[in-house]
Structure formats: structure tokens, C-alpha cells
Amino acid sequence: MKIFLKQLSILLVCFYLSACGGSSDDSTIVDPIVTDPVVTDPVDPEPPVEPEPPVDPEDPVDPIADITIHMIGDSTMTEYDQSRKPQAGWGEQVPMFVSDKATVRNWARGGRSSRSFYYEDGLWNLVKETIKTGDYLIIQFGHNDQKLGDAYEEFGTYAYCSNGISNGEDCLDTEHSYYQFLKKYIKEARDLGAVPILMSPIVRKYFSGESIRNSGLHNLETVNTGELFARGNYPAAMKEVAVLLDVPMVDLTGQTKEIVEKYGEQAATESLYISADSTHPQVLFATLIAKEAMKSLQQQEVLADYIIEATSFISSPETLQWNDRYIGVANVKTLTLSAFDLSPNTGNLVATAPDGFLLSDAPDSTNWTTILTVPYENGAFTEKMYVQFTPYSEKSFNDSISFFAGGIDLGTVNVSGNGVDVGNGLPTYSRWFTEGGALAAITDGPITAQDASVVNLDTGSVKTFAVNEQDTGVARFRVYGPDLVSKNAGKYLEFSLTAATQTFSIDTISAWMTTSGGSTVQADIQYSFNSDFSNPVSLNEDPIMFSKDTMLLTEYNVTIQILAENKLYIRIYPYNAAGADTTGKYLAVYDVKVSGLSGD
């Protein structure tokens, strides 16, 4: 429209000039050219561009892949159930030091060597079936490779070669070479896409003065009876394999030597190793070993993305549960407590118990308290603490014991139980010989039990046997001489218990036993209600027989009632039909147990 009006105004001007003689030179007058006005449709403006919606950022990609850490080894690495604490394998403590991106599978088994683990059904072949590309395999053997005599063929190896040479590459007998079996594990793990890691065996507590002697460091320089050559240096052989095949290695022999020598023989006996031997770790030692193993890997940039810091406080068990207990009747359970990296280096552990629970440093203490102080040194401790639960009313008790050291909160342990009226049936038991040759009874429920009695039998040394596939220190008693070729009523082990306030209905009597030093030791088990053992009842119809050095669970289902304030006596009679002139035969006994229900 604006264009049209503009053109119209031009035409009007032109006409006006022409009519008024706007020019005297007619020849120069040119008629104006009139063109049709160009009319254009109005153009609609482009619609505004809508802004694109914001793009959500992609979920961040976790660069750390999930992996599995497989562990193969022996009893110093394997896992133990709560009934075996404070004994622990260092492998069961490794999960404390790795993130949840790593799954730890502990395949270690007590009594195995590099040779026996490789060939035994259900061990190495099963491990290989589960290994995936990107997994890790920690390999630690050595203790049981040193086995002698009849066990040599199945378990024994030399550090390098059985013909005495120290070049593991030139062994004629590769079936008894520690060096060669390590190479087998490494090659087969790599073939499956896994990363092998070598770890040398932890030291045995073999002190010479203030230092661990060479045999404790698995450097066997003395020729064994019946052999031609010394077994050699197992950690040194492992180091050579690691260098040859470019495998990460942790020198746990050297690291545990440093730990044990720092403690000294007495403190190491009390805090690091179980009481039964100089080989197997307690919880604290197992944790310190796992910590050093993971720290060393991190320093080598192996598994570095998966290794984490861990709490220094460990309780075994992690909780205490009493379930139902009679009102007014005290019952005691045991905690094994361990801690490391404490500051200050010397100080006190302070434990505080909640309502209904009391603490002591002895199971038969007359001084139970709600606050217990226990001194420690070396920046670490392993202590047994006893917790007494005495319900005072018919209700549930559920709370925690708190622990402090140097003003630092170490953590808590949950404790729980229920108070019930007298008359309800409660699970009850008594156990003996659960810690090597210790005679003291362990009870649970309203009964009392006396220490085991060894009557006219010679006590032998504690020996390690496999109990439920876990290496265990077991008490032994010598069985020899003409008066023990058959059952002798004057030579036995006796166990006695008393029903305290309620009838104790026994349903099971059991014991782990075997013949040691020979295959000819047998046993009978009887019980009586009389202190002179009159009118005894036999549990076995035929003599109990065993396979040499193989622990057998002998278990009897019974129906025996002990009225309140009455006693039961149990005796085990060992004998040896072939023992008239031999002295090296033993009955080995572990975990004699009487269990049932208490209640009227």
C-alpha cells in the first residue's frame, strides 16, 4: 500500500507541472511513463525458532571394571568358620582391603601343597572353570610342599629339583618341583586371560634368639632322613619364577618375618599365632598379612584401583546372640578382639557394655563390670573378652558394646538375647578339647562342666590335622604298652557336667578322633550317672576304628536326661592291640561335645 501511494503522488506532480507550463521547450517534454504499481503481498514474518530442549548428559561411564580375585593356597590362607576363631586365614581378611568392584574367591584348602592342589579333584580344575578374562589369581604355597615320608608322593616337592640342582629349568622330575608347579599355574592362568600373582609363604614362628631361623623362612638346608638332598629355598625359587615370567610377586615371607620379629616370640605366641602350633595365624596376624599383601600390590600398581583403606578394629564373631535365656541365669560368651595401626602406640582399650550385659577378662571372673579397660602395646592387640548376659525380665535385649582406644571410637559389637520364664526349653551344650590340648570346658546354657581329666595316659604333643578340611591343632594321648592292648578301666579321658537348675535332655554325644603315628589305635565311649562310673552304658557296639591321621566325627544320637543338680560322666578308653612293644601311637581327640535342651 505504501508503494502504491508513493507512485500516485508522483503522477499527480507530473500532471500539475504539465498543466502549468512547467517547461517552455515543448520539444523536450516527454510524456511520463506510467507503470502499473507493483503490489506485493505482505510477507508473514518467519515464526520464531523454538530452542532445542537441553540434551541430558550421558550417565558417567565407570572406568573401573568388575573383577574377581581368585586365591589358591593352604591353611594359612583359607577361610575358617566362627567356631574356629581366633584362628583365621589371611585370605579371608582380604575383602576388607578391596572395594566392592572386586569379588574375592578364596579357594585355599588346608593341608594342600602346590602339587596336591594341582591334581586334586574339585580344586585347580574347578578354579580354572570359573576364571574369566581380566580376573586375577593369587598363588601361595610352600608349607605343605615340605611334607615327608608317606606324604611325600602326594604332597612333597623340592624348591627347585629333587636331584639337588638349583636350576628349576633343568629338573628331570618336574612332578616334585615347586618351581615347575608355579610355572604351571602361571601359564594356565594366562591362557585363560587372568593375571597371575605370586606370594611367598608366611613364616613359621621358629625363633633362634630374636630372629626367625632359616627353616621358619622356608629355606630348608638340612637333608631329611631318607632323602639325598636338602629341599632348598622355596621363597627364592618363587622369586626366580617371578623374574623369569615377569609375574608380580609379594615377598610375604620377608614381610611376616619383620612383623613376627617386631613382636618377639612371647608376644607373637600370645597375639599372632594360635596356641596349638607355630604356623597358623590368629585374626590379628591374618589381618596384618592381608594388609601388607594388598599394600605391596598397590605399590607395584597391581589392583591399585581396587585397594582401599580398612578399619583397624576386628571382632570375632561380629555379633553375639543368646536367643532365649532364663531370667536371672547368667550365660557367658567370648569375643576375640583385634586392632592395628593404633595411636598412641601404647594405651588402653576401653569397652562399655549396655543394659543386661557385663564384661570381664576371664570366663570365671568374680568381677564383672559394665566398663572394662585392657592395656595394649605395639600399636595393636588381640584380646579375648568375655560377655555375660543375665536377663532380668521377660523382654528382648538388643544393643551394642562400644570400644574406644586413645579417645578414638573403634566401633561396636551388637549383643542381643531374650529373657524367658523358667520352664521353656533352651539349647544347651558343653565342649572340650576345642583348642589343642586345653582341658577347660566351654558351655552354653544352664549347665556347669568340669575340666577334662586325663587319667593314667601320657599326653603327647599337639598335632595339626584336617577337621572339616581346616587345619586344626588336635590333642594327642600316647597309647602303648602291654596294659593297653585292650580296654583298660584305669586309663581314660573323662568329661563331666552338671545340670544346674533345670533338667538337661541330651540328644547328641560326639567327638572328632583318629589314630596317629600308626593305624592300630581304637577306642570305646561310655557314660554313667555315678562318680565311681558304676553301671556304665556303652555308646559303641564295636570298637571305634580309624584311618591313620584322618579325623573322623564319631556321633551318637541318644536320649539321656540329667535332672537338676545331677551329674553325667563320659569316658573315652583308648587301646592299641598292636601296641605292646611300640611307643609312637596316639589317640587324637578334638571337640568332644554333649548337646541337647534344658527345661522342665
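Which residue stands opposite Ile570 in strand S31? In this predicted model, the residue that stands opposite Ile570 is Phe495.

Strand S31 comprises residues 567-576, and nine of its 10 residues are buried, so the strand is largely enclosed by the rest of the structure. Two pairings of this strand can be described. Strand S26, formed by residues 492-499, is joined to S31 by six bridges, and the two strands run antiparallel. Strand S28, formed by residues 521-528, also pairs with S31 in the antiparallel sense, over eight bridges. In this second pairing, Asp524 stands opposite Tyr573 of S31. In a regular strand, the side chains alternate between the two faces of the sheet.

These strands belong to a chain that contains nine helices and 32 strands. Of the 600 residues in the chain, 49% are buried. Among contacts with a separation of 6 or more, 73% are accounted for by residues 24 or more positions apart. The chain exposes about 29000 Å², and carbon and sulfur atoms supply 50% of that area.

Aromatic residues were examined next. A search of the whole structure finds 23 aromatic pairs. One of them is formed by Tyr119 and Phe181, whose ring centres are 5.9 Å apart; their planes stand at 90°, so the pair is edge-to-face. Tyr119 lies in helix H2 (residues 114-119), whereas Phe181 lies in helix H5 (residues 178-191); the pair therefore ties together parts that are 62 residues apart in sequence.

The rings of Phe433 and Phe495 form another edge-to-face pair, because their centres are 5.9 Å apart and their planes are at 90°. This pair links distant parts of the chain, 62 residues apart: Phe433 is in the loop between strand S19 (426-432) and strand S20 (442-444), and Phe495 is in strand S26. Phe433 is buried, with a relative accessible area of 1%. Phe495 likewise counts as buried, at 1% relative accessibility. Phe495 thus takes part in an aromatic pair with Phe433 and stands opposite Ile570 in S31.

The charged end of Arg231 sits over the ring of Tyr158, at 5.1 Å from the ring centre. The charged end of Lys333 sits over the ring of Trp322, at 5.9 Å from the ring centre.

Finally, the surroundings of Thr459 were considered. Thr459 is found in strand S23, which spans residues 458-459. With a relative accessible area of 54%, Thr459 is exposed, because exposed residues are those over 50%. When neighbours within four places in sequence are left aside, Thr459 is in contact with Val454, Arg476 and Phe477. Thr459 and Tyr586 are 127 residues apart in sequence, and their C-alpha atoms are 9.1 Å apart in space.

Key:
Residues numbered from 1 in each chain as written. Predicted model: local features only at pLDDT ≥ 70, side-chain atom pairs only at ≥ 80, totals over all residues. Heavy atoms only, no water. Helix = DSSP H or I, 4+ residues; strand = E, 2+ residues; numbered from the N terminus. Buried < 20%, exposed > 50% of the residue type's maximum accessible area, 1.4 Å probe, protein only. Contact = heavy atoms within 4.5 Å. Pairing = 2+ DSSP bridges. Areas by Shrake-Rupley, 256 points an atom, 1.4 Å probe, with all protein chains shown as cover. Phe/Tyr/Trp six-rings, centres within 6.5 Å; stacked < 30°, edge-to-face > 60°. Lys NZ or Arg CZ within 6 Å of the ring centre and 35° of its normal.
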